[in-house]
Amino acid sequence: MAWFHNLSATEQFLLVSAIKIVCVFCVVMPAVAYSVLAERKISAMIQDRLGPNRVGPGGLWQPLADGVKTFLKEDFVPAHVRKAYFWLAPMVSMTPALLVLAVIPFGSNLGGEPMVIADLNVGILYTFGIVSLGVYGIVLAGYASNSKYPFLGGIRSSAQMISYEIAMGMSVIPVFLIVGDLNLSKVIEYQYQHGWLILYAPLSFVIFVIAAFAETNRLPFDLPESEQELVGGYHTEYSSMKFALFFMGEYANMIAASAMMVTLFLGGWTLPVAGLNRPAESIPMGLAQMVIFMAKVAVLMGLFIWVRWMWPRFRYDQLMDLGWRRFLPLALANILATALWLWMVA
Amino acid sequence: MDPSKSQLMQYVPVLMLAVVAVLFSAGTLAASSLLGKRARRSAVKDTAYECGMLPVGEGNTRLSIKFYLVAMLFILFDIEVVFLYPWAVNFKGMIREQPGLIFGSMAGFMVVLFIGYIYALKKGAFDWKQ
């Protein structure tokens, strides 16, 4: 380790950041692939089927086979599309999902090094900024396809995502009223000192979860790609890896949304047992806390999948009604109520 | 000074992640177009997919004015949300000394906004049934 200490502080910082980014990538990408498999397996269980079981023991290598398959598929770009945007759209829908992960603290520390890629003091604002970019991928795909179903899917999804973004943005304000900081590490610090925020702001949690379903275009709000009406919605004209990027983007978004829920409401990497409720002092403890974080995210991913196979789809007017007429006033009232409560306590 | 504490340096890892994420998505697309089967074209394959029917009219049709209304209302309310964030962060610090000021100012702001919300509601901006 002598060579490491010989580097300047800036060089060390950059090197450690690069290592963290590579590690996060190496965890998130398999997680995306295996949540697709989990989705297929759980849906099969719910529908009393077997699900994928041919590739490897119990279908364990299925994501690998799917990956190889999509790479080798015919890479077809129909003649009627707007070429540049058609290529750009899958990239635009995948990239923001990965960028959100930059501010999520996925562990306390390992040997004193904080387990977060960038500990920004405006963490949550950054997250919302990046999440809003996600809508461009879908709108671009709808526009670039120059075809009716994708166009309708793109338009629908843009209206849906911006509507629920307001509810989502408002639902977390009580959290910051209580914590008094936008930094996500500070949010977790508050939670291991005073208890999980879901206890203080249960209504915020409910609105946030439902809005997250709408933001990630998951059932019961998958209007942008409702198969029975729009074939595939915004990705109808896409094939091979370009389609797969939309697909991976959706799952990466789900992981990012689950990670946000865990960080904001469910205590992040903490667990109120066995001394795990404070920043780790040894490397095994630090690793254990990362495992706790991932386990919490996995449980929420299970929730995403479970809901998808249990609920019918909302109608479009019901969806807009819920967002604008129910959640917006409810979130406003929630902010005022939390502020009043804090005033009483103080 | 510790570089990880400086405001600007904190954004360098974000930038690095952005580069990695863009390279990943661009790389997979490039790899698939290199490795994938060469696309074969035919007149039928090049038409827009409409469940086997021949497409009629333009791909990008005209759309309901409702969507523009939603976009406008989004801008209004999203700006409100952005205004609420700094208030929320400073709330705990100020509630002890000047509770009336910090609570009253935001309550007034919300009342004005709520009147606007009621106006939009009564105008039928959120009415999707007709």
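Colleague: Which residues of α4(A) meet α12(A)?

Modeller: To read a packing of two helices, one lists the residues on each side first. In this predicted model, α4(A) contributes P90(A), M91(A), S93(A), M94(A), A97(A) and L98(A). Facing them in α12(A) are K242(A), L245(A), F246(A), M248(A), G249(A), A252(A), N253(A) and A256(A). By class, this contact of α4(A) with α12(A) comprises ten nonpolar residues, three polar and one charged.

Colleague: At what angle do helix α4 and helix α12 of chain A pack, and how far apart are their axes?

Modeller: Helix α4 spans residues 83-99 of chain A and helix α12 spans residues 240-265. The angle is about 20 degrees, and the axes lie 8 Å apart. Angles under 35 degrees count as roughly parallel, and α4(A) and α12(A) are therefore roughly parallel to each other.

Colleague: Is the crossing of α4(A) and α12(A) left-handed or right-handed?

Modeller: The crossing of α4(A) and α12(A) is left-handed.

Colleague: How are α2(A) and α3(A) arranged, roughly parallel or roughly perpendicular to each other?

Modeller: The reading again begins with the angle. Helix α2 (residues 9-46) and helix α3 (residues 62-72) of chain A pack at about 110 degrees, with 9 Å between their axes. Angles from 65 to 115 degrees count as roughly perpendicular, so α2(A) and α3(A) are roughly perpendicular to each other. Their crossing is right-handed. On the α2(A) side the contact is made by A33(A), Y34(A), V36(A) and L37(A), and on the α3(A) side by Q62(A), P63(A) and G67(A). Five of the residues in this contact of α2(A) with α3(A) are nonpolar, two are polar and none is charged.

Colleague: What can be said about the overall form of chain A and of chain B?

Modeller: One may compare the radius of gyration with the value for a compact globule. Chain A has 14 helices and two strands. A compact globule of 346 residues would have a radius of gyration near 20 Å, and the 21 Å of chain A agrees with this. Its C-alpha atoms fill a box of roughly 60 × 55 × 45 Å along the principal axes. Chain B has three helices and zero strands, in the pattern α-α-α along the sequence. For its 130 residues a compact globule would have a radius of gyration near 14 Å, but chain B has 26 Å. The box filled by the C-alpha atoms of chain B is roughly 75 × 60 × 15 Å.

Colleague: How many residues of chain B are in contact with chain A?

Modeller: The size of an interface is often given as the accessible area lost when the parts come together. Here one may count residues instead: 60 residues of chain B are in contact with 71 residues of chain A. On the chain B side, the elements giving two or more residues are α1 (11-35), α2 (65-94) and α3 (99-122). The largest share, 18 residues, comes from α1(B). The residues on this side divide into 41 nonpolar, eleven polar and eight charged.

Note on methods
Residues numbered from 1 in each chain as written. Chains lettered and ligands numbered in written order. Predicted model: local features only at pLDDT ≥ 70, side-chain atom pairs only at ≥ 80, totals over all residues. Axes fitted to C-alpha atoms, helices over the stretch in contact; angles between N-to-C directions. Helix = DSSP H or I, 4+ residues; strand = E, 2+ residues; numbered from the N terminus. Parallel < 35°, antiparallel > 145°, perpendicular 65-115°, else oblique. Left-handed = near helix turned anticlockwise from the far one by under 90°. Contact = placed C-beta atoms within 7 Å. Nonpolar A, V, L, I, M, F, W, Y, C, P; charged D, E, K, R; others polar. Rg over C-alpha atoms; globule rule 2.2 N^0.38 Å.
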